[in-house]
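Me: Could you walk me through how to read helix packing and aromatic pairs in a model? I'd like the general idea, then the case at hand.

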Amino acid sequence: MPGYKGHVAGALAVTGAALGGAYWLGVYRPEPKTMAVLAVLAVLGALFPDVDTSSKGRHIYYGAALVADVVLILKNQYRYAALLGFCALLPAIGSHRGWTHTWWAGLIIPSPVILVPMMLLHMPWPGLVPYYVAAVLGYYSHLLLDGQFT
């Protein structure tokens, strides 16, 4: 099984291919800044399935969750802070290659990419779809490299 560098490379390859195809077909032509954000989301999606182990992905996610929780608490957003804390605990309830390595988790885990901007910033969902797709592609690239679809 690949380490985090292999998963990062896999996410970038799959998402780059999808983005290149969409660009070539004229379906979606984002600006370079947006492409960079899509690449970051794909990498984060690819690293998430291993948050249940001592991994680079775990350090990235829990570091970001800690910072986000502190910001929410300082802004008196206790309900969101509690929800984030609850969600951060979920990977700990399964074993490695448990629920975080399922096809359905690859669809559900990236959903905050659409839901959070919709709920907190009142952004329309159609403009958020490419970001969600990038996260899902990254997640699924991880599962593919781990042999979950064989």
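This is a predicted model: local features need pLDDT of at least 70, side-chain atom pairs count only at pLDDT 80 or more; totals for chains, interfaces and linings use all residues.

Me: Let's start with helices. At what angle do H1 and H7 pack?

Reply: Two packed helices are described by the angle between their axes and the distance between the axes. Axes here are lines fitted to C-alpha atoms, for helices over the stretch in contact, with angles running from 0 to 180 degrees between N-to-C directions. Helices themselves are DSSP runs (H or I, at least four residues; strands are E, at least two), numbered from the N terminus. In this model, H1 (residues 4-25) and H7 (residues 129-145) pack at about 130°, their axes 8 Å apart. That makes H1 oblique to H7; angles under 35 degrees count as roughly parallel, over 145 as roughly antiparallel, 65 to 115 as roughly perpendicular and the rest as oblique.

Me: Is the crossing of H1 and H7 left-handed or right-handed?

Reply: Right-handed. A crossing is left-handed if the near helix is turned anticlockwise from the far one by less than a right angle, and right-handed if clockwise.

Me: Which residues of H1 and H7 meet?

Reply: Contact means heavy atoms within 4.5 Å. On the H1 side you'll find Gly6, His7, Gly10, Ala11, Val14, Thr15 and Ala18, and they meet Ala134, Leu137, Gly138, Ser141, His142 and Leu145 of H7. Sorted by class, this contact has 6 nonpolar, 7 polar and no charged residues. For the classes, Ala, Val, Leu, Ile, Met, Phe, Trp, Tyr, Cys and Pro count as nonpolar, Asp, Glu, Lys and Arg as charged, and the others, Gly among them, as polar.

Me: Take His7 from that list. Is His7 buried or exposed?

Reply: Buried, with a relative accessible area of 1%. The cut-offs are under 20% for buried and over 50% for exposed, with partly exposed in between (1.4 Å probe, protein chains only). Leaving aside neighbours within four places in sequence, His7 touches Pro2, Ala46, Asp50, Ser141, His142, Leu145 and Asp146.

Me: And how do H2 and H7 cross?

Reply: Their axes come within 7 Å and cross at roughly 40°, and this crossing is right-handed. Thr34, Val37, Leu38, Leu41, Ala42, Gly45 and Ala46 of H2 meet a set in H7 that includes Pro130, Tyr131, Ala134 and Tyr139. The contact of H2 with H7 counts 10 nonpolar, 5 polar and no charged residues.

Me: What about H2 and H3: at what angle do they cross?

Reply: Roughly 115°, with the axes coming within 9 Å. H2 and H3 are therefore roughly perpendicular to each other, and H2 passes H3 in a left-handed crossing. Leu44, Gly45 and Leu47 in H2 meet Gly57, Ile60 and Tyr61 in H3, a contact with 4 nonpolar, 2 polar and no charged residues.

Me: On to the rings. How many aromatic pairs does the structure hold?

Reply: A pair of aromatic rings is described by the distance of the centres and the angle of the planes. Rings of Phe, Tyr and Trp (its six-membered ring) pair if their centres lie within 6.5 Å; planes under 30 degrees apart count as stacked, over 60 as edge-to-face and the rest as tilted. The structure holds 3 such pairs. One of them, Phe48 with Tyr61, is edge-to-face, at 5.2 Å centre to centre and 85° between the planes. Phe48 lies in the loop between H2 (32-47) and H3 (56-74) and Tyr61 in H3, so the pair ties together parts 13 residues apart in sequence. Phe48 is buried at 11% relative accessibility, whereas Tyr61 is partly exposed at 24%.

Phe48 also forms a tilted pair with Tyr139, 6.1 Å centre to centre and 35° between the planes. This pair links distant parts of the chain, 91 residues apart, with Tyr139 in H7. Tyr139 is buried at 0% relative accessibility. Phe48, Tyr61 and Tyr139 form one aromatic cluster.

Me: Last one: what is phi of Asn76?

Reply: Near 60°, a positive value in a residue other than glycine. Asn76 sits in the loop between H3 and H4 (78-89) and is exposed at 52%.

Definitions and conventions:
Residues are numbered from 1 along each chain as its sequence is written. Side-chain values use heavy atoms; hydrogens and water are left out.
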